[in-house]
Amino acid sequence: MTASPRPAPQQLVCEWEQTRHGIAEDGLGIVTGTFVVALGLHLLKAVGAVTGGTAGLALLIDQLSDIPFWLIFPLVNAPFVALALWKKGVRFTVLTALCVGGVAGLSVVNAAWMPAAGLQPVYAVVGGNLLVGVGLLILFRHGASVGGVNIIAILVQERTGFRAGWTQMIVDVLIIAAAFVAAPWPLVLLSAAGAVILNLVLALNHRPGRYIGH
């Protein structure tokens, strides 16, 4: 059996142009992804859980201090947004800064308009991490992120092919381990399981070459 011929460079360029996102598609995708991430974090915050990445770090600081989450989240992500400007360019950085600000702003809206007292912790942690994972996928596919470890994970994947989800999972283990100082151990273990779910969503879906739209 003869191998299938490889597509010519001109064909690849043509396919890329046909699948490239328009401005309206990028705008709607970024708004949707930001909303979904913010909703997932709202569920986690409501039960005192954490997750991985800078989102988990922000949730942890929120539990340990009186600083509001809407302020903590941008501050924690600021160094990584600067890294994005250095490594990923102006467009990615601007979109990421907008997404970070959007998550921060929506945290206030969600707290006011969607009281989440009395949520079942397992449901909140599983559902919250699934939502964050799906939201991140949407943002990645439209050239944005919500800062933090996501940026490093994407850079590692682009440079080495090592999947973004696995990189983030390694860092998440360290962040969640720190949660033992703020939360009871059953909730920390539940948070760890939730972070695994989030990163499996990324690892199984965000692969080089799987999605060619830009």
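**Close-up 1. Who lines the second largest pocket, with α2 giving the most: 5 residues.** This is a predicted model, where local features need pLDDT of at least 70 and side-chain atom pairs count only at pLDDT 80 or more, while totals for chains, interfaces and linings use all residues. Residues are numbered from 1 along each chain as its sequence is written, and side-chain values use heavy atoms, with hydrogens and water left out. Besides α2 (23-46), at least two lining residues each come from α3 (53-64), α4 (69-87) and α5 (90-113). Helices here are DSSP runs (H or I, at least four residues), numbered from the N terminus.

**Close-up 2. The middle of the second largest pocket.** Of the 14 lining residues, H42, K45, F69, S107 and A111 sit nearest the centre. By type, the lining splits into 10 nonpolar, 2 polar and 2 charged; Ala, Val, Leu, Ile, Met, Phe, Trp, Tyr, Cys and Pro count as nonpolar, Asp, Glu, Lys and Arg as charged, and the others, Gly among them, as polar. The pocket's volume comes to about 200 Å³, that is, the space filled by probe spheres set on grid points joined across faces, edges and corners. A pocket is an open set of points on a 1 Å grid over the protein atoms alone, where a 1.4 Å probe fits, with protein on both sides within 12 Å along at least five of seven lines; lining residues have an atom within 4 Å of a point.

**Close-up 3. The bend in α4.** At A78 the helix α4 bends by about 45°, and a proline, P79, follows within four residues. That bend is the angle between axes fitted to the seven residues ending there and the seven starting there. F69, I72, F73, V76, N77, V81 and A84 are the buried residues of α4 (buried: under 20% relative accessible area, 1.4 Å probe, protein chains only). After α4 comes G89, with a positive phi near 95°.

**Close-up 4. S107 in α5.** Setting aside neighbours within four places in sequence, S107 touches F69 and W70 (contact: heavy atoms within 4.5 Å). Other buried residues of α5 include F92, L95, C99 and V103.

Close-up 5. F140 belongs to helix α6 (residues 121-141) and is buried, with a relative accessible area of 10%.

Key: Buried means under 20% relative accessible area, exposed over 50%, partly exposed in between (1.4 Å probe, protein chains only).
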